[in-house]
Amino acid sequence: MARYARLLIAGAAAALAAPAPAQAAERSLTFTTGPIAVGPYAVAQAPMFAESPKVDGYVVGMSAEVVDAAGRVQGRDRVMLHHIVFAKLGVPDYTCGGSTGERFFAEGEERLELSLPKGYGYPNKAVDRWGLLYMLMNHKPKTLNGYIRYTVRYVTDAKLTPVKPVWLDVRNCAGPDPVFDVPGGGKRFSTFTKTADFTMPESGRIVAGGGHLHGGGLRVELRNETCGTRPFESRPTWGGPIPRPVLHEPGPTKMSAFTSAAGIPVARGDTLRLAAVYDNGAPHTRAMGIMLLFLAPGGAKGCRPTPPLDIDLGRPSAPPAFSMPLPRAPTGAVSKASSTVVRDFRYGVERVSLKRGTTFTWRFRGLLQHDVTVIGGP
C-alpha cells in the first residue's frame, strides 16, 4: 500500500470538478478520465488522481466502466476493465493504516457496484481528494484508447448514518498486486483455501459487502472466529463471452453481494477471518481473495444472530474447466535448460523438457509487464 500511495501522488492530476450547488434528493454525478492508451494485446496499469464531488455529502452508490471517445461502453473483447480501485487520499486505510489512502470502492471483471442500504452513506467533504488505480487490457492487435467513466450516487440534503469501508484481503497490505498461486494437483473436487485474520478495533454493524475472486475461485467467506459463525459468503457466477486471444484465465462475470439495514453485528476485539476457497484440481496463477465491507460503527454487540440479508446472488456455479489456447505452436529444438530469458513477445527458449520437481526460471528483460500463465495442468 505504501507503494500504491507514492504512485498515486506521482500520478497526473485530473481536472477539478466545478462546485455543485446543494439540491434535494439523491443525484447521479458522472466523471470521465482519459484517454488511456493501451498497446496491442497489452496491459495498462497506473494510478492517477480522480475527480470527486465538490460539495459535502454522502456516497450511497458507485459504478465504473470503460468507454471510447464517443462514450460507448467497451466490451470485454476490446479495452477490458480488469480492475479499478478508488481511495480517499491522506485518510488512513481501515485495515492497513498509515496515510496511504482509504480504499472505498473497487470493481473487477465481475462489475460489483457499490450500493448502500437506505439511510446509510459514505461521508465525503468538498475538500477530500480521490485517487484511482486502474488496470486495462487490450484484446486487439492495435493501440486503443480507453476512458474510465464512473458514476457516483450522491446525497447532500440529509443526515445519513455514516459508514466506514473495511477492505479485507487474504494478502492484505502486501502491495498493489496482492496475488497468490493455487498449486493444483489435488483430487477432483478438492479445494485450496487461503486465509487472513483481522481484529476489529471497534464495534458496529456491517451493512453491505461483496467479494472478488479470480479464475478457479469457488467462494470468499467472511468468518467471525470469535463467535464461530460465517455471516456471509460471496459466490461467483461464471459464463459469458471470453475475449480472444485469451490473455489470462477468465474471472467471474458476477459476485454475490449483500445489503442489510439491520447489519451484521461485530464487537471490538472480534477476529474476522477472510477465507478465499479455490478449486485445487488444477493450478491457478495470480489468484486473489478480497471482500469490501461497510461498517456503521457503534451501537452493536458481537455474537448475536446474523439478521436476514438482502443478497444479490446471481447464478453461482463451479468454475469451468480452463485451457489456455496458444496463439501459435512453439518452435525450435527441445532444450533441457533450467532457465530462459523472455523479451517482449519473444522467448529465448520455446520448448523445454523438465523432470518432475525441477525449478525453472524465467528472466524477463523486456519493457512490458509479463507473467507466467498455466496452459493446462498439473
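The legends below describe close-up views of a predicted model. Local features are reported at pLDDT of at least 70 and side-chain atom pairs at pLDDT 80 or more, while totals for chains, interfaces and linings use all residues. Residues are numbered from 1 along each chain as its sequence is written, and side-chain values use heavy atoms, with hydrogens and water left out.

**View 1. The largest nonpolar core and tyrosine 150.** The largest nonpolar core comprises 43 residues. Such a core is a set of buried Ala, Val, Leu, Ile, Met, Phe, Trp, Tyr and Cys residues joined through side-chain atoms within 4.5 Å; buried means under 20% relative accessible area, exposed over 50%, and partly exposed in between (1.4 Å probe, protein chains only). The residues with the most contacts inside this core are Met62, Phe86, Trp130, Leu132, Tyr134 and Tyr150. With neighbours within four places in sequence set aside, the contacts of tyrosine 150 (heavy atoms within 4.5 Å) include Leu29, Phe31, Met62, Phe86, Trp130 and Leu132. Apart from this core lies another, of 26 residues, among them Val170, Val182, Phe258 and Ala276.

**View 2. A nonpolar patch on the surface.** Tyr347, Trp362, Phe364 and Val372 make up this patch, and together they have about 360 Å² of accessible area. Accessible areas come from the Shrake-Rupley method with a 1.4 Å probe, and for residues only the protein chains shown count as cover. Tryptophan 362 belongs to strand β26, residues 361-364, and is partly exposed at 35% relative accessibility. Strands (E, at least two residues) and helices (H or I, at least four) are DSSP runs, numbered from the N terminus.

**View 3. The disulfide of cysteine 96 and cysteine 173.** The whole structure holds 2 disulfides, each a pair of cysteine sulfur atoms within 2.5 Å. In the link of cysteine 96 and cysteine 173, the sulfur atoms are 2.0 Å apart. This link is left-handed, with -110 degrees about the S-S bond. Cysteine 96 lies in the loop between β4 (79-88) and β5 (102-107), and cysteine 173 in the loop between β11 (164-169) and β12 (180-182), so the pair ties together parts that are 77 residues apart in sequence. Cysteine 96 is partly exposed at 23% relative accessibility, as is cysteine 173 at 40%.

**View 4. The disulfide of cysteine 227 and cysteine 303.** The sulfur atoms of this pair are 2.1 Å apart. The torsion about the S-S bond is about -95 degrees, so this disulfide is left-handed. Cysteine 227 lies in the loop between β15 (217-224) and β16 (229-234) and cysteine 303 in the loop between β22 (289-297) and β23 (310-312); the pair therefore ties together parts that are 76 residues apart in sequence.

**View 5. Two cis peptide bonds.** Most peptide bonds are trans. The bond from glycine 34 to proline 35 is cis, with omega near 5 degrees, and proline 35 is located in strand β1 (residues 27-38). Arginine 244 and proline 245 are also joined by a cis bond, with omega about -5 degrees; proline 245 lies in the loop between β17 (236-237) and β18 (254-255).

Notes:
Patch = residues over 30% accessible without salt bridge, like charges linked within 9 Å, V, L, I, M, F, W, Y side chains within 5 Å. Salt bridge = Lys/Arg side-chain N within 4 Å of Asp/Glu carboxyl O.
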